[in-house]
Amino acid sequence: MSASLPSSSPEANPFAGNQSAVQRRETTVRWLLRLSTFFIVAVTVAIVMHILVKGLPITLRSEFPYVNVKFLTELPGTLHVIFDKQGNATETDVNGADEIKKQLGENFREEKTISYSGGGILGPIVGTALLVVVSVSVALFLGVCSAIYLSEYASKGKRVEMIRLAILNLAGVPSVVFGLFGLGAFVLSAPVLTDAPLERSLFSIPLGLTYLSFQGWDTCVLSGGFTLAFVILPVIITASEQCLQAVPHGFRETSMALGATRWQTIWRAVLPFATPGILTSSILGIARAAGETAPIMFTAALAFKDKLPWQKDLPPLPADAGLFAHWEQSVERFLGIFTESVQALPYHIYTLAARIPHNEYSERAQYGSVFVFLLLVASLAATSIWMRRRLRGKYKW
Amino acid sequence: MSNPSSSPATSAPIVEIRDMDFSYGSKIALHDIQLAVERRRVTALIGPSGCGKSTLLRCINRMNDRVPSARVTRGAVLVKGKNIHDEDVDLTQLRKQVGMVFQKSNPFPKSIYENVAYGLRVHGENNVEVLDDAVERALRSAALWDELKDRLQAHALGLSGGQQQRLCIARAIATQPDVLLMDEPCSALDPIATLKIEELIHQFARDFSVIIVTHNMQQAVRVSDYTAFLHLGKLIEFSPTELMFERPKEKLTESYLRGTFS
């Protein structure tokens, strides 16, 4: 029977056969995957290059001190551009405009004013830094507390699953909704201690000398920081819980067996070893908190403010004021930072890009802000990474 | 090895388990256990895997409390004559008296010093001199002092496996417990490291009671004065080690010791 088959055919080349269709599909798939990846990388590079090319010339200078000091250290203002009849443009602020016009005299042709595009961006930088500090502090505290509860205390069951689901849902809430929540909760109805409750106060509880009035914190760093804290809480809780779970179970057992209480065990044998991971999670939180615009639009940020949060007019102290009075005023000035509204970088960029007529001057301010913004977020994240490195070296198992 | 028959027990048992039933939820893990552990003796718990010997060990310092639904359903566990499930028992104080060493050596990723001082620190001891003394004493007892005295601040995870386990033993005895529970302390160690730990156990029996769970019957013979054989959650036989290995009373014990166990 085998003799009837051509004996050479199975021997000829068992690996041959018409494989080209299969091979073509392989190649196609490989290139599809490769190109998708390259595309993403290309877009990322394009974004960074775009911002570098447009932003670097505004922020850096070719001669000493190599950075645009004015741009980084001045508050934003209205830019006045004065043209003479030869078409030469001179840029100045509101105070210099008249002087230059007088000098030009007959030669003066035209004056353009561009809002928000003059001066520097110190106000937005300071505002964003403050918002990030407040929101990350609040979110880390609340987030780590609830992660500890979920991971170490709560008994595994339906209730905990429900809590987890709620936290995940919090992550899905659009940021503008957080903004409105912050407006309602923190700006308009959070409790404050005051001697004279406002009329809009929801209700106030007399406490002898003062009142606990639910009249809100107004538009300020504190309101914005708390609102942003809720935006980043899900990330921080989820990541912190994973970090706590990653600490070997044996550490807890050993600690308990040595007679430690539950909290002692968490404080001495679990939390120190989870800290590097928790800090990593705060990196994501920082970037997110710094970048969000919607949650701070109604709660903390102003399009324009001509003062830094600590430049508040306090009554001047008498010449013979004691050390305590000075100290007291410094404290008041420091606390006042958190009850002031601020400018913030993302909102400033939005204002420059969308709220005023577009021209070369506004574009310049806009890209300068974007560049500084990216740099700020990157350096905050770098600090976090550096802290994590140091802690990792100390606690590894 | 001290011969228990030649030095009769002079005082009440340090650990006494009376008619105890223990279950995980609806699954009964230990049934009708009766055991009296003498002071300053080494007691070995042997038996096939899953027989409940580790569970029994963890009943003595209530480590099973950490498992939800696990509980003693009948009987009592007495340590130094006191029922450890009494309402006025402070778990942290119980565990200060009943130390434990686990199967897997698990030093904290801290310095050697901080590992040994951990138990004292959680009990509120912050006096540096007291801590220094206790750390030295514990490390000497665990035969680690000469090896480690010059690098107490070094990271504990830089030690060898055997040293790590001895460090865990030092950590457990730093609070000067009356009972030391050891859950297969040598199962992950090489023969030389095992030998060192067995030597330690002999020395410990001068100062306190040791209860050791072991898979290794030769080890039980080498280190223990008494042996308890458990099978399927029941205590089959409990007698002086020599007696049990020479003339087991129960058929089940005999077949287990001979290795003809089905």
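Student: What makes strand β1 (residues 15–24) of chain B and strand β4 (residues 70–79) of chain B a pair?

Tutor: In this predicted model, β1(B) and β4(B) are joined in the antiparallel sense over eight bridges. Two strands pair if at least two bridges are found between them, so β1(B) and β4(B), with their eight bridges, count as paired. As an example of one such position, Phe22(B) has Val72(B) in β4(B) as its bridge partner.

Student: How do you know that β4(B) also pairs with strand β5 (residues 82–83) of chain B?

Tutor: Here there are two bridges, and the strands run antiparallel. Val79(B) has Lys82(B) in β5(B) as its bridge partner. The two strands form a hairpin with two residues between them, and in that turn Lys80(B) has a positive phi of about 50°.

Student: Turning to chain A, why are β2 (89–92) and β3 (108–119) called edge strands?

Tutor: They belong to an open sheet of three strands in chain A, whose order is β2-β1-β3 and whose pairing is antiparallel. Each of β2(A) and β3(A) pairs on one side only, and that is what the name edge strand refers to. From one strand to the next, the twist of this sheet averages 20°.

Student: What makes up the side of chain A that touches chain B?

Tutor: The contact takes 19 residues from chain A and 21 residues from chain B. On the side of chain A, α9 (249–257) and α10 (262–291) each supply at least two residues, and α9(A) gives the most, with six residues. By class, this side of chain A has 10 nonpolar, six polar and three charged residues.

Student: Which residues have the most contacts inside the largest nonpolar core?

Tutor: They are Leu131(A), Ile60(B) and Ala170(B), in a core of 152 residues. Helix α8 (residues 221–246) of chain A gives the most to this core, with 15 residues, and the core also draws at least three residues from each of domain 2 (76–119) and domain 3 (122–305 + 341–394) of chain A. In soluble globular proteins, nonpolar side chains tend to be buried together.

Student: What is Leu131(A) in contact with, leaving aside its neighbours within four places in sequence?

Tutor: Its partners include Val221(A), Leu228(A), Ala289(A), Ile296(A) and Ala344(A). They count as contacts because two residues qualify when their C-beta atoms, placed from the backbone, lie within 7 Å.

Student: How is chain A divided into domains?

Tutor: Chain A has domain 1 (20–59), domain 2 (76–119) and domain 3 (122–305 + 341–394). The centres of domain 1 and domain 2 of chain A, taken over C-alpha atoms, are separated by 44 Å.

Conventions: Residues are numbered from 1 along each chain as its sequence is written. Chains are lettered from A and ligands numbered from 1 in the order in which they are written. This is a predicted model: local features need pLDDT of at least 70, side-chain atom pairs count only at pLDDT 80 or more; totals for chains, interfaces and linings use all residues. Helices (H or I, at least four residues) and strands (E, at least two) are DSSP runs, numbered from the N terminus. Axes are lines fitted to C-alpha atoms, for helices over the stretch in contact, and angles run from 0 to 180 degrees between N-to-C directions. Ala, Val, Leu, Ile, Met, Phe, Trp, Tyr, Cys and Pro count as nonpolar, Asp, Glu, Lys and Arg as charged, and the others, Gly among them, as polar. A nonpolar core is a set of buried Ala, Val, Leu, Ile, Met, Phe, Trp, Tyr and Cys residues joined through C-beta atoms within 7 Å. A residue is buried if 20 or more other C-beta atoms lie within 10 Å of its own, exposed if 12 or fewer, and partly exposed in between; C-beta atoms are placed from the backbone. Domain bounds come from an automatic or database domain assignment.
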